[in-house]
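Let's walk through a protein model together, one step at a time. Keep the picture in view as you read.

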Amino acid sequence: MAKEFIQLPSRDSLGTINLNRSVFSTITTNVIDETENVQLFEGSKPFKGGVQTRIEDNQLWLTVPVRIQYNTNVTDICASLQNQIFESISYMTDYKPESIEIEVVGFLF
């Protein structure tokens, strides 16, 4: 069953650190906001939009639907975005995501 948080390994006997799914979504959204030529896809009510997080067995999978500026190299932008999200999450939370999928759902004109 999917959980709502990730539990980081304990470094001492003082307690544990639990990170909610929204932490990872917020970090991902901030990275996208700072990246040129990319916009997070925000769907309407019947369609899903925004960063989708899934946590199972203390592992994190992210699916990020984006729209990319027309006339740019999609492969390079997606690879760069994936790397930036991974680096930001690793740096800010000391946790490495299992998978980060970038879904191109449209283009910006």
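The quantity called pLDDT is the predictor's confidence in each residue, on a scale from 0 to 100. You need it here, as this model is predicted. For this chain the mean pLDDT is 90, and 93% of the residues reach 70 or more. Among the helices and strands, confidence is lowest in strand 1 (residues 5-8), with a mean of 90, and highest in helix 2, at 96.

Now trace the chain itself. Its secondary structure comes to two helices and six strands. Along its principal axes, the C-alpha trace spans about 55 × 30 × 20 Å.

Next, look for charged partners. How many salt bridges does a search of the whole structure find? The search finds two.

Let's turn to the largest pocket, which holds about 210 Å³ of space. Its lining includes L8, P9, S10, R11 and D12, and also G15, T16, I17, T93 and D94. Sorted by class, the lining has three nonpolar, four polar and three charged residues.

Finally, visit the surface. Which residues make a nonpolar patch of about 480 Å² there? They are Y70, V104, F107 and F109. To find Y70, look in the loop between strand 5 (59-69) and helix 2 (74-93).

Definitions and conventions: Residues numbered from 1 in each chain as written. Predicted model: local features only at pLDDT ≥ 70, side-chain atom pairs only at ≥ 80, totals over all residues. Heavy atoms only, no water. Patch = residues over 30% accessible without salt bridge, like charges linked within 9 Å, V, L, I, M, F, W, Y side chains within 5 Å. Areas by Shrake-Rupley, 256 points an atom, 1.4 Å probe, with all protein chains shown as cover. Salt bridge = Lys/Arg side-chain N within 4 Å of Asp/Glu carboxyl O. Helix = DSSP H or I, 4+ residues; strand = E, 2+ residues; numbered from the N terminus. 1 Å grid on protein atoms, 1.4 Å probe; cavity = no way out; pocket = protein on both sides within 12 Å on 5 of 7 lines; lining within 4 Å. Points joined across faces, edges and corners; volume = space filled by probe spheres on them. Nonpolar A, V, L, I, M, F, W, Y, C, P; charged D, E, K, R; others polar.
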